[in-house]
Amino acid sequence: MTQVYIAGVGMTPFGRHLDKSIHDLSSQAVALALRDAGATAAVIEAVFFSTATNGALQGQHSIPGPIAARRAGLSGVPVFSVENACASGSSAFNLAVQAIKAGAADVALALGAEKMNVADKARMSVENR
(Lines give C-alpha, C1' and ligand atoms only; values in the text may rest on other atoms or scores of the structure.)
Protein backbone atom coordinates (compact mmCIF):
# COMPACT_ATOMS: atom_id res chain seq x y z
CA MET A 1 0.00 0.00 0.00
CA THR A 2 1.31 3.42 -0.95
CA GLN A 3 1.54 5.91 1.90
CA VAL A 4 -0.02 9.30 1.21
CA TYR A 5 0.84 12.35 3.29
CA ILE A 6 -0.69 15.81 3.43
CA ALA A 7 2.34 18.07 3.10
CA GLY A 8 0.65 21.47 3.28
CA VAL A 9 -2.69 23.20 3.56
CA GLY A 10 -3.93 26.68 2.81
CA MET A 11 -7.29 28.33 3.27
CA THR A 12 -8.62 31.81 2.68
CA PRO A 13 -10.90 33.34 5.31
CA PHE A 14 -14.62 32.84 4.79
CA GLY A 15 -16.35 35.98 3.65
CA ARG A 16 -18.02 37.77 0.77
CA HIS A 17 -14.73 38.98 -0.78
CA LEU A 18 -16.45 41.42 -3.11
CA ASP A 19 -13.05 42.80 -4.14
CA LYS A 20 -11.59 39.39 -5.13
CA SER A 21 -12.28 36.94 -7.94
CA ILE A 22 -12.50 33.20 -7.56
CA HIS A 23 -9.06 33.10 -9.19
CA ASP A 24 -7.65 35.49 -6.58
CA LEU A 25 -8.96 33.23 -3.83
CA SER A 26 -7.64 30.08 -5.56
CA SER A 27 -4.20 31.61 -6.05
CA GLN A 28 -4.05 32.69 -2.41
CA ALA A 29 -4.99 29.20 -1.19
CA VAL A 30 -2.35 27.60 -3.44
CA ALA A 31 0.33 30.02 -2.23
CA LEU A 32 -0.57 29.30 1.40
CA ALA A 33 -0.50 25.53 0.87
CA LEU A 34 2.84 25.65 -0.92
CA ARG A 35 4.33 27.84 1.80
CA ASP A 36 3.00 25.48 4.48
CA ALA A 37 4.58 22.53 2.65
CA GLY A 38 7.85 24.37 2.09
CA ALA A 39 7.45 23.63 -1.62
CA THR A 40 7.18 25.39 -4.96
CA ALA A 41 4.66 24.96 -7.76
CA ALA A 42 7.27 22.98 -9.70
CA VAL A 43 6.75 19.87 -7.52
CA ILE A 44 3.03 19.55 -8.25
CA GLU A 45 2.33 16.84 -10.81
CA ALA A 46 -1.50 16.92 -10.93
CA VAL A 47 -4.24 19.32 -9.86
CA PHE A 48 -7.82 18.48 -8.93
CA PHE A 49 -9.88 21.70 -8.82
CA SER A 50 -13.28 21.57 -7.17
CA THR A 51 -16.15 23.99 -7.37
CA ALA A 52 -19.93 23.82 -7.51
CA THR A 53 -21.27 27.22 -8.57
CA ASN A 54 -18.47 28.33 -10.88
CA GLY A 55 -20.42 27.71 -14.07
CA ALA A 56 -23.64 29.36 -13.00
CA LEU A 57 -22.17 32.34 -11.18
CA GLN A 58 -18.78 32.93 -12.79
CA GLY A 59 -19.78 32.03 -16.34
CA GLN A 60 -17.01 29.43 -16.75
CA HIS A 61 -18.71 26.13 -17.48
CA SER A 62 -16.11 23.99 -19.21
CA ILE A 63 -12.60 24.54 -17.90
CA PRO A 64 -12.62 26.22 -14.48
CA GLY A 65 -9.79 24.02 -13.19
CA PRO A 66 -7.24 24.76 -15.91
CA ILE A 67 -7.96 28.49 -15.71
CA ALA A 68 -7.66 28.60 -11.90
CA ALA A 69 -4.48 26.51 -11.98
CA ARG A 70 -2.84 28.66 -14.66
CA ARG A 71 -3.65 31.86 -12.77
CA ALA A 72 -2.17 30.31 -9.61
CA GLY A 73 1.09 29.62 -11.44
CA LEU A 74 0.49 25.93 -12.07
CA SER A 75 1.04 24.86 -15.66
CA GLY A 76 2.36 21.92 -17.61
CA VAL A 77 0.55 19.36 -15.48
CA PRO A 78 -2.81 17.63 -15.86
CA VAL A 79 -5.64 19.62 -14.28
CA PHE A 80 -9.04 18.08 -13.61
CA SER A 81 -12.24 20.00 -12.84
CA VAL A 82 -14.42 18.32 -10.22
CA GLU A 83 -18.07 19.29 -9.78
CA ASN A 84 -19.97 17.21 -7.27
CA ALA A 85 -22.21 19.68 -5.42
CA CYS A 86 -21.30 19.94 -1.73
CA ALA A 87 -18.96 16.97 -2.05
CA SER A 88 -16.74 18.68 -4.66
CA GLY A 89 -13.86 19.36 -2.28
CA SER A 90 -13.80 15.89 -0.75
CA SER A 91 -14.09 14.37 -4.23
CA ALA A 92 -11.07 16.39 -5.42
CA PHE A 93 -9.12 15.29 -2.35
CA ASN A 94 -10.07 11.65 -2.94
CA LEU A 95 -8.98 11.87 -6.58
CA ALA A 96 -5.64 13.42 -5.59
CA VAL A 97 -5.03 10.59 -3.11
CA GLN A 98 -5.99 7.99 -5.72
CA ALA A 99 -3.62 9.55 -8.29
CA ILE A 100 -0.76 9.21 -5.81
CA LYS A 101 -1.70 5.65 -4.82
CA ALA A 102 -1.92 4.67 -8.49
CA GLY A 103 1.55 6.07 -9.16
CA ALA A 104 0.24 8.70 -11.57
CA ALA A 105 1.78 11.46 -9.44
CA ASP A 106 4.10 11.80 -6.46
CA VAL A 107 2.63 15.19 -5.51
CA ALA A 108 -0.97 16.13 -6.26
CA LEU A 109 -2.94 19.22 -5.29
CA ALA A 110 -6.60 19.22 -4.30
CA LEU A 111 -7.85 22.79 -4.69
CA GLY A 112 -11.35 23.94 -3.87
CA ALA A 113 -12.73 27.40 -4.51
CA GLU A 114 -16.17 28.90 -4.30
CA LYS A 115 -17.42 32.43 -4.73
CA MET A 116 -21.15 32.77 -4.35
CA ASN A 117 -21.34 36.58 -4.24
CA VAL A 118 -21.26 38.23 -7.63
CA ALA A 119 -22.22 41.68 -8.85
CA ASP A 120 -25.21 40.33 -10.82
CA LYS A 121 -27.64 39.59 -7.96
CA ALA A 122 -30.15 38.00 -10.35
CA ARG A 123 -27.63 35.21 -11.05
CA MET A 124 -27.45 34.49 -7.32
CA SER A 125 -31.22 34.02 -6.99
CA VAL A 126 -32.42 30.41 -7.05
CA GLU A 127 -35.76 31.62 -8.37
CA ASN A 128 -34.11 32.84 -11.57
CA ARG A 129 -32.52 29.51 -12.49
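User: Which residue in strand 3 is the bridge partner of Phe-49?

Analyst: That partner is Leu-111. Please keep in mind that this is a predicted model, where local features need pLDDT of at least 70 and side-chain atom pairs count only at pLDDT 80 or more, while totals for chains, interfaces and linings use all residues. Residues are numbered from 1 along each chain as its sequence is written, and side-chain values use heavy atoms, with hydrogens and water left out.

User: What makes strand 1 and strand 3 a pair?

Analyst: The rule is that two strands pair if DSSP finds at least two bridges between them. Strand 1 and strand 3 have 5 bridges, in the parallel sense, so they qualify as a pair. Strand 2 (residues 79–82) also runs parallel to strand 1, joined to it by 4 bridges. In strand 2, Ser-81 is the residue opposite Phe-49.

User: How many helices and strands does the chain have?

Analyst: There are 5 helices and 3 strands, and their order along the sequence is α-β-α-α-β-α-β-α. Both kinds are DSSP runs, numbered from the N terminus: helices are H or I with at least four residues, and strands are E with at least two.

User: Why is His-23 called buried?

Analyst: Buried means under 20% relative accessible area, exposed means over 50%, and partly exposed lies in between (1.4 Å probe, protein chains only). The value for His-23 is 18%, so His-23 counts as buried. This residue is found in helix 1. Beyond its neighbours within four places in sequence, His-23 is in contact (heavy atoms within 4.5 Å) with Ile-67, Ala-68 and Arg-71.

User: Why does Ala-104 count as exposed?

Analyst: Its relative accessibility is 62%, and the cut-off for exposed is over 50%, so Ala-104 passes it. You will find Ala-104 in the loop between helix 4 (88–101) and strand 3. Although 59 residues separate Ala-104 from Glu-45 in sequence, their C-alpha atoms are 8.4 Å apart in space.

User: What makes strand 1 mostly covered?

Analyst: Of its 5 residues, 5 are buried. Ala-46, Phe-48 and Ser-50 point one way, Val-47 and Phe-49 the other, and all of them are buried.

User: Which residues have the most contacts inside the largest nonpolar core?

Analyst: They are Val-30, Ile-44, Val-47, Phe-49, Leu-74, Leu-109 and Leu-111, in a core of 14 residues. A nonpolar core is a set of buried Ala, Val, Leu, Ile, Met, Phe, Trp, Tyr and Cys residues joined through side-chain atoms within 4.5 Å. Two or more residues each come from helix 1 (22–37), strand 1 (46–50), helix 3 (64–71) and strand 3 (108–112). Helix 1 gives the most, with 4 residues. Another core lies apart from this one and has 7 residues, including Phe-48 and Ala-92.
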